[in-house]
Amino acid sequence: RSQSYLKQLLKNFSFCSFLLLISLHLDTFQMATTRPFIWGVGVDGSPGGWKAVETAFNLMESTRDELQILHVVDRSSMFLERLEDTAKLMCQGAGVTCTFHTKQKEEGDSTKDAVCTLSDDRKVSWLILGSVGRKKADSTDLEVIGSCTDLSVRQASASIVIVKPTSQVPATGSPRRWLLGFDGSPAANRALEFVSQLAKPEDHLAIIIVSDYMSFTSYYEKRLRERLSRDHILGDVIIEGRTLNTIGDQILAFAERKGPFDYIIIGADGMGAFKRKEMVIGSVADLIVKKSPVTTLVVKPDLERKYGIPAPTGKE
């Protein structure tokens, strides 16, 4: 009995230390990347690519941010000039200035590696991609993620926006509904910083925390509500005890129950495989990317600040 009591005491002490760390993050966390953002949109002529361009129009602030249209040139890029003209016409119609950038695939290089390299070379803050490209454009399976998008989520230095075939782009000027999955990690705090800049005064932000430690809910709620008030964001903080097998499933269940939401934003979380310079996203983010029917924003941590190493690139 004494051993069991000691284990529980140590567990509570560790969690209190974790809460102190969250407190410091909420009060002092500053992003390495702030506005103006550089938005990069990968296009390949597929419907998902064009919807990604429309999503960029909705997310960016045209007077401050920069929009870059990115395309990897391969043997199938027979209509490169038409592709560029279409992208620029879309931008012109939206009143947005854009630049068009291409990268020729090198021998032995894959399209997915070239996209990551092009994004990193252009110093993109946010990389927006359709969940599927030309090869899987006809797929009706919500959980199908193209190899290019999948690798970019894990390996590109930029934070990623994944646009699903079922995603609805909010009408210009209409309030947008955001859902932030928060767990106190550095990536989640970074996501909080990003959404505080992306959200407009008329938008609504719901912050959901799925916790096994319900006794600490008042702490979370107080600190996050203070943050919303400080940043003048219309929103709410929701705390739920874990009732489903995975946190990701519970966040999506909440989104379905309380939606519709236009965007789900979440930290990439789990990091590893640094010997291969490969980014590995956490299980929660991975599940939401695959199962979410709406556009998902995956916020990468600041690798150079957190680990003291260069951010991984598609070249390595």
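S119 counts as buried because its relative accessibility is 1%, buried meaning under 20% relative accessible area with a 1.4 Å probe and protein chains only. The model is predicted, so local features need pLDDT of at least 70 and side-chain atom pairs count only at pLDDT 80 or more, while totals for chains, interfaces and linings use all residues. Residues are numbered from 1 along each chain as its sequence is written, and side-chain values use heavy atoms, with hydrogens and water left out.

S119 sits in helix α4 (residues 111-121), helices being DSSP runs of H or I with at least four residues, numbered from the N terminus. Residues up to four places away in sequence aside, S119 touches L70, V124, L127 and A158, where contact means heavy atoms within 4.5 Å.

As for helix packing, the axes of α8 (residues 247-258) and α9 (residues 283-291) come within 8 Å and cross at roughly 45 degrees; axes are lines fitted to C-alpha atoms over the stretch in contact, with angles from 0 to 180 degrees between N-to-C directions. In this contact, I247, G248, D249, I251 and L252 of α8 meet V284, L287, I288 and K291 of α9.

Terms used. Helix = DSSP H or I, 4+ residues; strand = E, 2+ residues; numbered from the N terminus. Buried < 20%, exposed > 50% of the residue type's maximum accessible area, 1.4 Å probe, protein only.
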